[in-house]
Amino acid sequence: MSATSAPTAPAETNPTENDFLATDPGQKPPGPTPSQSRFQVDIVTEAAGATEDKSPNSDASSGVPSSDKAPQESQGADPGTSGEEAKGRFRVVNFADPSAAGFDASPDAAPADGLQNGDTVMSETSLHSSTGGQHHYHYDTHTNTYYLRTFGHNTIDAVPNIDFYRQTAAPLGDKLIRPTLSELHDELDKEPFEDGFANGDELTPAEEAAAKEAADSKGVVKFGWIKGVLVRCMLNIWGVMLFIRMSWIVGQAGIGLACLIVAMATAVTTITGLSTSAIATNGFVRGGGAYYLISRSLGPEFGGSIGLIFAFANAVAVAMYVVGFAETVVELLQGADALMMDEINDVRIIGTITVILLLGISVAGMEWEAKAQIFLLFVLITAIINYFIGTFIPVKAKESVGFFGYDSAIMWENMGPNFRDETFFSVFSIFFPAATGILAGANISGDLSDPQLAIPRGTLLAILITGIVYLGVAVSTGSCIVREATGNVNDTLSSEFMLNCTDAACKFGYDFSSCQTEKYSCHHGLLNDFQVMSMVSGFGPIISAGIFSATLSSALASLVSAPKVFQALCKDNIYPGLAMFAKGYGKNNEPLRGYILTFFIALAFILIAQLNVIAPIISNFFLASYALINFSVFHASLANSPGWRPSFKYYNMWVSLAGAVLCCVVMFVINWWAALLTNVIVLGLYIYVSYKKPDVNWGSSTQALTYHQSLTHTLHLSGVEDHIKNFRPQCLVMTGYPNSRPALLDLVHSFTKNVGLMICGHIRTGSRRPNFKDISTEQSRYQRWLLKNETKAFYTPVFAEDMRQGTQYLLQAAGLGRLKPNTLVLGFKNDWRDGDMMNVETYISLIHDAFDFQFGAVILRLKEGLDVSHIQGQDDLLSSQEKSSVMKDVIVSIDTSKDSDADSSKQSSKATSLQNSPAIQKDDDDDGKATTQPLLKKDKRSPTVPLNVSDQRLLEASQQFQKKQGKGTVDVWWLFDDGGLTLLIPYLLTNKKRWKDCKIRVFIGGKINRIDHDRRAMATLLSKFRIDFSDITVLGDVNTKPKKEHVLAFEEMIEPYRLKEDDMEQEAAERLKNSEPWRITDNELELYRAKTNRQIRLNELLKEHSSTAALIVISLPLARKGTVSSALYMAWLEALSKELPPILLVRGNHQSVLTFYS
């Protein structure tokens, strides 16, 4: 049955598919309810007010191909079951307000027609054509009939649809969630997806608010491009200047330069208009005008600073225009001798009454304000036409005041300049404010039905029309009015002076030469009479009405613009204290609180009644906005981001840059001190917002350019060979979760911050299948944690079969180009004797692998240990804000085994919820900066868990590198030359603020009979390296035998790990060695006896010389691969570093990292 032959029975009795498709305005069709389909979309009208009464049948037949109109015949699935199945499979995303649904859905028909099974769902959507205004109803991506005909099988895979790309439930339609990759790709027994938006689509609070507003969009007043943009811009650009200053500008500058002034001002506004159009057509524009355009393009720092001053400028502009209106009224009262008090107080009284009336119009709603604007435009255009008609009607009575009608002689005389106490730039600065106002339409972008169409069309046309009118007035006044006239009808020319007279007025028999001889004696003509256009016009009072119209319309536009921009700024929560002004009222979301604030600001300036000082600041504020809009387009084009795709093509990045520079030049031309003040205010606000770092991400061009530059510089760096002078320690630090080993993180960060690269490596192992989605979310979560703690590092987790394989992955693949690690940093394996010795084999293999990859190796040992992840509360990583927006009910497994400070891979058997972290909280008075390891603090929600003594010590030790180190020493035991890394790390460390009071002491090995010589040689080397040191100690007794009890203690320590091959058969010994390769053979022990004794002896010397050091840095002993067993090597490291202050065992890759050549 086709849709065209649908029966006319009511929907309740015969619910056909046609009833689904055909809707009446204001009525939503029956369809799958939210509980049935995650992909449900209602029929939504894309533009408000575009609903038209049409026959349902004709709508359906014209909107849908006949092949797709067949009704759903097969309804095998029981509605109840299919609904439940869908409920289990799909999450509901439906922003639509149920109260707005003005239909009575049939409870029986809808589920049956809406669903066949849990995988195939049907929904409808409507796209409203912006040109024709017709409704096109079509099946969306989940319609089973559509798929059956398109692909030949049912699928939940989605075809392209505009609703998938919406950020919120915008007025244009509902947001639709496409099937996730997991739903389409994962095995059926797996959970198809978790709650949350894909790919950074999390809604910010501002967007959630926008979604809420958009849901209740019934009856909202939206304007087209004429009423919304063109009318507003024309009214704002045509100010008082048109009637009372344009003629004076022509008198001063002449017709030629007056036209140049208009052209220059128009050039600035045209370039800005083009830039505004480009930004406005690069995506959906919400309310906020200039602030919205700049903030979404350049980021919150520029947007927040310019938004505040732009809103303030508009508020003060209200006062400017109202005072201009009041002054004109007072002049009329003065002429009629009807002043109430004196001039100043009359301006205040009339201004206050006027601004209260304007506030009333604004608060009444945008529709009333728009009607008032249309009326004012009509008056203004009438006044302009009235003036031009008057120029063609020469009146004898007007000749004495300088008006003679169009004449080439007058035109030629007025062509050149005749500056009186003015310069070209001072005249330009007086005119330029008359050209501003081009953003009046963009400022109410949220109230436009189609901002992308309206803003370019309305703004550019308004600039063109107003520019032509300004030029027309300049040429016409200069062609029919002389510069100066006495106003005396008796100043006619006698016949004897006719020959000597050269002025244009002489031609008409008037002698105005007395104006040049007696200064200030004449009060008429272009130079002297501001009201000359009123005199010329056909009917004078209409010009007065035009002046009233120009001032009131500009005041009204500014009174509407300021609260709208301010409301958008407050909604984004850039300045937290201003959030109360974000609230809107009524169906139009009117910012009533913003109106009241604007009213009081305007009233304060009206009461001053003298705005000669404040006016240039207002112009400068507007110009700063224009400059940033132009710069935004240049910046976005320069960043070359794929997201910069304006549909408006008539812009050029270099023209926009020139426009930005022009705006800055004009700012200083108009008033240099006001320009400086504006720049200082913008800079101050920029610094404040940068410091506060608002939690917003708008994909600004600043981000795009940062990426572009990073990529360019990284590639450029890759083409340059490394040089010793530029060597930087670039560390791959095996931290596991970055918060689990704070001491390791803090110490390495101390010498890599702003110097070298730091990558926090984390190897995730385990028998379960790797969940790569988890590792991706954890990567972004912990990277945020590092940024929050101001740790300049990258977190890089990998899945691997075991620790060694994962480390090899990182050694090979971590980094990019020249930004690759060259030093592996490990925590010392304090508990190596307690666990499985194969872990020790793996641990020692990491060091061998590092040397195989030509990496340096660094091991940090704290006698208390490094790993604090088993202490309850250590997983409370993120701020409450991040937890609420991101974490939801995520469980993170952390390493709870205290047995290894080096092994960052073990999956914990104990999972701790990030939501329930009890004992350790950040101090309230911690000035907003979280430390890597929060302090122990009683939680308000749960009792403090008491820590045992060892954990308390561990916690304190883990924080020791966060504090200032005081006047201690960093003892460098540079026993073997590894290229200089052992010396470079302490030097970099003592350059940092926390370590700057520590002195470097150098210890070297030497012979007893050459101690002085060795000390001098080392001092010379250090001075050539330009490294400050406080002392050099030459150890002549390194090779002395260690104390017997220490040797016995060592032998007792290694006893369980010996192979003892002499006590068993050779075959059994080999078999045991193969199964347990870490075992120490008797042969090996004897071979390396001297090296073993050296480690024990060095420990004795370290205790003797460096027991009070803040940090010991010592050369890491090397073990030949395949010859020294891992247990023996581990025992050497243990013997060397036990019972000492924090010790760093360092071995470079034996390539020079220090040079004394320039």
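1. A definition to start with: a residue counts as buried under 20% relative accessible area, as exposed over 50%, and as partly exposed in between. By that scale R1089 is partly exposed, because its relative accessible area is 25%. Please keep in mind throughout that this is a predicted model.

2. R1089 has a charged partner worth a look. E1051 and R1089 form a salt bridge, with 3.4 Å between the closest N and O atoms. E1051 belongs to helix α34 and R1089 to helix α37, so the bridge ties together parts of the chain that are 38 residues apart in sequence. E1051 is partly exposed too, since its relative accessible area is 29%. There is also a network here to display: E1055, R1058, K1060 and D1082 are joined into one by salt bridges that share partners.

3. Staying with α34, which of its residues are buried? In this helix, which runs over residues 1044-1054, they are V1047, F1050, M1053 and I1054. These four sit on the same side of α34, because the arc they cover around the axis is only 120°. The face turned away from the buried side carries K1044 and E1052, which are exposed.

4. What do the buried residues of α34 pack against? Their neighbours are three helices: α36 (1082-1087), α37 (1089-1105) and α38 (1126-1137). Helix α37 thus meets α34 through this packing and also through the bridge from E1051 to R1089.

5. R741 is in the loop between β3 (731-734) and α26 (742-752), while D867 is in the loop between β7 (856-861) and α30 (880-887), so the contact ties together parts 126 residues apart in sequence. R741 is buried, because its relative accessible area is 1%. D867 is buried as well, with a value of 2%.

6. A further pair to inspect is R764 and E778, whose side chains meet in a salt bridge of 2.7 Å, N to O. It links distant parts of the chain, with R764 in strand β4 (residues 758-764) and E778 in helix α27 (residues 772-788), 14 residues apart. Are these two residues buried or exposed? Both R764 and E778 are buried.

7. Leaving aside residues up to four places away in sequence, F431 touches M246, I249, I261, V262, A265 and Y470.

8. Finally, a point about the surface. I381, I385, I389, F392, I393, V395 and Y406 make a nonpolar patch of about 620 Å². Y406 is found in the loop between α14 (366-391) and α15 (408-413). Y406 counts as partly exposed because its relative accessibility is 36%.

Terms used. Residues numbered from 1 in each chain as written. Predicted model: local features only at pLDDT ≥ 70, side-chain atom pairs only at ≥ 80, totals over all residues. Heavy atoms only, no water. Buried < 20%, exposed > 50% of the residue type's maximum accessible area, 1.4 Å probe, protein only. Helix = DSSP H or I, 4+ residues; strand = E, 2+ residues; numbered from the N terminus. Arc of directions from axis to C-beta. Contact = heavy atoms within 4.5 Å. Patch = residues over 30% accessible without salt bridge, like charges linked within 9 Å, V, L, I, M, F, W, Y side chains within 5 Å. Areas by Shrake-Rupley, 256 points an atom, 1.4 Å probe, with all protein chains shown as cover. Salt bridge = Lys/Arg side-chain N within 4 Å of Asp/Glu carboxyl O.
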